[in-house]
Amino acid sequence: MKPVVHEHQKNIEKVSKKFLIVGLGNIGAEYVNTRHNIGFKVLDFLAKKESLDFQTVKLGALAEYKFKGRTFLLLKPNTYMNLSGKAVKYWMDQENIPLENIMVITDDLNLSFGTIRIKGKGSDGGHNGLKNINLILNTQNYTRFRFGISDQFKKGQQVDYVLGEWDEQEKTALPERLEISTEIIKSFGTAGLNNTMNGFNGK
């Protein structure tokens, strides 16, 4: 006899195979190649590689990526950085995705260029996008993937630096870093957070 699977168990199993991957950035052509938009850039790179299309949806642009029985919803909020939490909360609720299946990709001034740090929780580190997500979700316990953009700017020039474009050296190094970033997303959904942290932190 087959074991009886209750409907709510089926739903839990279904939910656990769905992931919300949020890339943080600002909308508008002037921001496309800026350091602050690395979250968008990572998702765009994965979408291009896998021939995915982003659809304009409520509070953002969304693409669906299926890999090894998992569904990854790639979200680029269109709310501007400091209101990112609104889009994250909406799509989390809309798609019934648990907190542990969310990953937020963000730039980080405290890490040297291209350095990768994946953590299961943490403070906003002064980042306006994370600040708003923490506020709206009322928790810091979600996975964040920080991509180092370094802090090579003079005093008082932080905003110009963050909203500035990559220099030539960084542009050359970016594709390899973006390739690793796509592997991190896949690993998060298939191997779990701990294995992903062990496998990629410091790479």
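Author: Let's start with what lies over the buried residues of helix α4: the cover includes α3, β5 (102–108) and β7 (143–148). Please keep in mind that this is a predicted model. The residues of α4 that are buried are Gly 129, Leu 130, Asn 132, Ile 133, Asn 134 and Leu 137.

How do two packed helices get described? For helix α3 (residues 84–94) and helix α4 (residues 128–137), the packing angle is about 45° and the axes are 7 Å apart. That angle makes α3 oblique to α4. The crossing in which α3 passes α4 is right-handed.

Which residues make this contact? From α3 come Ser 84, Gly 85, Lys 86, Val 88, Lys 89 and Met 92, and from α4 come Gly 129, Asn 132, Ile 133, Ile 136 and Leu 137. Sorted by class, the contact of α3 with α4 holds five nonpolar, four polar and two charged residues. If you trace the residues along the helices, one rule is handy: an α-helix has 3.6 residues a turn, so residues three or four places apart point the same way.

You have met Met 92 already, as one of the α3 residues in the contact with α4.

Leaving out residues up to four places away in sequence, Ile 21 touches Leu 43, Phe 72, Leu 73, Leu 74, Leu 75, Met 103, Ile 105, Ile 185 and Phe 188.

Ser 181 is found in α6. Is Ser 181 buried or exposed? Ser 181 counts as buried because its relative accessibility is 0%, and the cut-off for buried is under 20%. Not counting residues up to four places away in sequence, Ser 181 touches Val 42, Phe 145 and Phe 147. Glu 176 also lies in helix α6, but Glu 176 is partly exposed, with a relative accessible area of 44%.

With helix α7 (residues 193–200), α6 packs at an angle of about 155°, and the axes are 8 Å apart. This makes α6 roughly antiparallel to α7. The crossing of α6 and α7 is right-handed. Here Ile 180, Glu 183, Ile 184, Ser 187 and Phe 188 in α6 meet Leu 193, Thr 196 and Phe 200 in α7. The residues of this contact divide into five nonpolar, two polar and one charged.

Let's finish with some loops. Most residues other than glycine have a negative phi. Leu 59 has a positive phi of about 65°, although it is not a glycine. Leu 59 is found in the loop between β2 (55–57) and β3 (60–67), and at 18% relative accessibility Leu 59 counts as buried. Tyr 80 is not a glycine either and has a positive phi of about 70°. Its place is the loop between β4 (70–77) and α3, where Tyr 80 is partly exposed, with a relative accessible area of 40%. Another loop, between β1 (18–23) and α2 (38–49), holds Glu 30. Glu 30 is exposed, with a relative accessible area of 53%. From C-alpha to C-alpha, Glu 30 and Leu 163 are 9.2 Å apart in space, although they are 133 residues apart in sequence.

Methods
Residues are numbered from 1 along each chain as its sequence is written. This is a predicted model: local features need pLDDT of at least 70, side-chain atom pairs count only at pLDDT 80 or more; totals for chains, interfaces and linings use all residues. Side-chain values use heavy atoms; hydrogens and water are left out. Axes are lines fitted to C-alpha atoms, for helices over the stretch in contact, and angles run from 0 to 180 degrees between N-to-C directions. Helices (H or I, at least four residues) and strands (E, at least two) are DSSP runs, numbered from the N terminus. Angles under 35 degrees count as roughly parallel, over 145 as roughly antiparallel, 65 to 115 as roughly perpendicular and the rest as oblique. A crossing is left-handed if the near helix is turned anticlockwise from the far one by less than a right angle, and right-handed if clockwise. Contact means heavy atoms within 4.5 Å. Ala, Val, Leu, Ile, Met, Phe, Trp, Tyr, Cys and Pro count as nonpolar, Asp, Glu, Lys and Arg as charged, and the others, Gly among them, as polar. Buried means under 20% relative accessible area, exposed over 50%, partly exposed in between (1.4 Å probe, protein chains only).
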